[in-house]
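User: I'm new to this one and would like to go through it slowly. Could you take my questions as they come?
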Amino acid sequence: MAIAKDKLLELIIKEFEDAEVKITALVDDGDHYEVEICSSKFNGQSKLKQHRMVNDALEGILGGKLHALSIKTKPRE
Amino acid sequence: MKEKFEEIEGYIKNNDVVLFMKGTALMPQCGFSNVVCRILDMLGAKFKDVNILEDEALRQAIKEYSDWPTIPQLYIKGEFIGGCDIAKEMYESGELQELLKSKDIILS
């Protein structure tokens with residue numbers, strides 16, 4: 001029930017090609033991460049929509065495979 | 001599932017603020033749920049806590065109902081606000097306070 005940092009990054013980059021992504025492991029167990037994503041795809045979208053886009057990009061690993069993921073999104077000017 | 005959706009609708013119709021969470025407001029069983037509870041407490045916003053750990057069917061139903069894969073989930077006046085990250089960001093920016101005031105849930 002864990003996921004490698006690389007796999008997480010791969011899923012994010014696949015959806016947000018222009019993104020600047022920072023992934024931090026909160027605990028060194030492959031199960032607790034914080035991701036910060038800055039992408040132009042977020043421009044003009046509500047916070048809720050931005051987070052929904054990330055949830056979708058992660059293809060169902062949230063709330064299942066991955067226990068804890070803190071998400072921060074930022075539009076790219 | 002339909003029955004559970006009706007249960008969810010009952011909660012959000014009958015309470016201004018509802019938090020679907022792991023554990024209870026008095027004893028949260030997850031750090032993310034705890035953060036949202038503490039924010040609401042700090043703002044003096046009364047809320048209905050719904051412990052999804054006590055009901056597996058409800059746990060699945062709320063994910064589908066909100067189209068949101070994780071818990072906690074915050075509803076204000078029937079509107080889905082988001083999870084812990086969004087609640088925290090809105091609190092830090094003052095947006096959450098404004099929303100609660102505009103809905104007459106906390107005093108301005």
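This is a predicted model: local features need pLDDT of at least 70, side-chain atom pairs count only at pLDDT 80 or more; totals for chains, interfaces and linings use all residues.

User: Where does Glu59(A) lie in chain A?

Analyst: Glu59(A) is found in the loop that runs between α2 and β3 of chain A, and although Glu59(A) is not a glycine, its phi is positive, at about 45 degrees.

User: OK, and which residue of chain B has a positive phi although it is not a glycine?

Analyst: Lys77(B) does, with a phi of about 50 degrees, and its place is in the loop between β3 and β4 of chain B. Lys77(B) has 17 C-beta neighbours inside 10 Å and therefore counts as partly exposed.

User: Let's step back to the whole of chain B. How many helices and strands does it have?

Analyst: Chain B has five helices and four strands, and starting from the N terminus its elements follow the order α-β-α-β-α-β-β-α-α.

User: What's the strand order in the sheet?

Analyst: The four strands form an open sheet in the order β2-β1-β3-β4 (chain B), and the pairing is mixed. At the edges stand β2 (48–51) and β4 (79–82) of chain B, each of which has a single partner strand, so one side of each is left without a neighbour in the sheet. Neighbouring strands of this sheet are turned against each other by 25 degrees on average, direction ignored.

User: In which sense do β1 and β2 of chain B pair, parallel or antiparallel?

Analyst: Strand β1 (residues 17–21) of chain B pairs with β2(B) in the parallel sense, over four bridges, and Met21(B) stands opposite Asn51(B) in β2(B). Helix α2 (residues 31–43) of chain B packs on the sheet, where it touches β1 and β3 (73–76) of chain B, and its direction makes about 160 degrees with that of β1(B).

User: What about the overall dimensions of chain B?

Analyst: The C-alpha trace of chain B spans about 40 × 25 × 20 Å along its principal axes. For 108 residues, a compact globule would have a radius of gyration near 13 Å, and the 13 Å of chain B agrees with that. Buried residues account for 40% of the 108 residues in chain B, and of the contacts with a separation of 6 or more, 64% are between residues 24 or more positions apart.

User: Switching topic: how many residues does each chain put into the contact?

Analyst: Nine residues come from chain A and eight residues from chain B. On the side of chain A that touches chain B, α2 (47–57) and β3 (68–75) of chain A each supply at least two residues, with the largest share, four residues, coming from α2(A). By class, that side of chain A has three nonpolar, four polar and two charged residues.

User: Last one: what are the confidence scores?

Analyst: The model scores ipTM 0.89 and pTM 0.93, while chain B has a mean pLDDT of 97, with 100% of its residues reaching 70 or more.

How values were computed: Residues are numbered from 1 along each chain as its sequence is written. Chains are lettered from A and ligands numbered from 1 in the order in which they are written. Two residues are in contact if their C-beta atoms, placed from the backbone, lie within 7 Å. Ala, Val, Leu, Ile, Met, Phe, Trp, Tyr, Cys and Pro count as nonpolar, Asp, Glu, Lys and Arg as charged, and the others, Gly among them, as polar. pLDDT is the predictor's confidence in each residue, from 0 to 100. Two strands pair if DSSP finds at least two bridges between them. Axes are lines fitted to C-alpha atoms, for helices over the stretch in contact, and angles run from 0 to 180 degrees between N-to-C directions. The radius of gyration is taken over C-alpha atoms; the globule rule is 2.2 Å times the number of residues to the power 0.38. A residue is buried if 20 or more other C-beta atoms lie within 10 Å of its own, exposed if 12 or fewer, and partly exposed in between; C-beta atoms are placed from the backbone.
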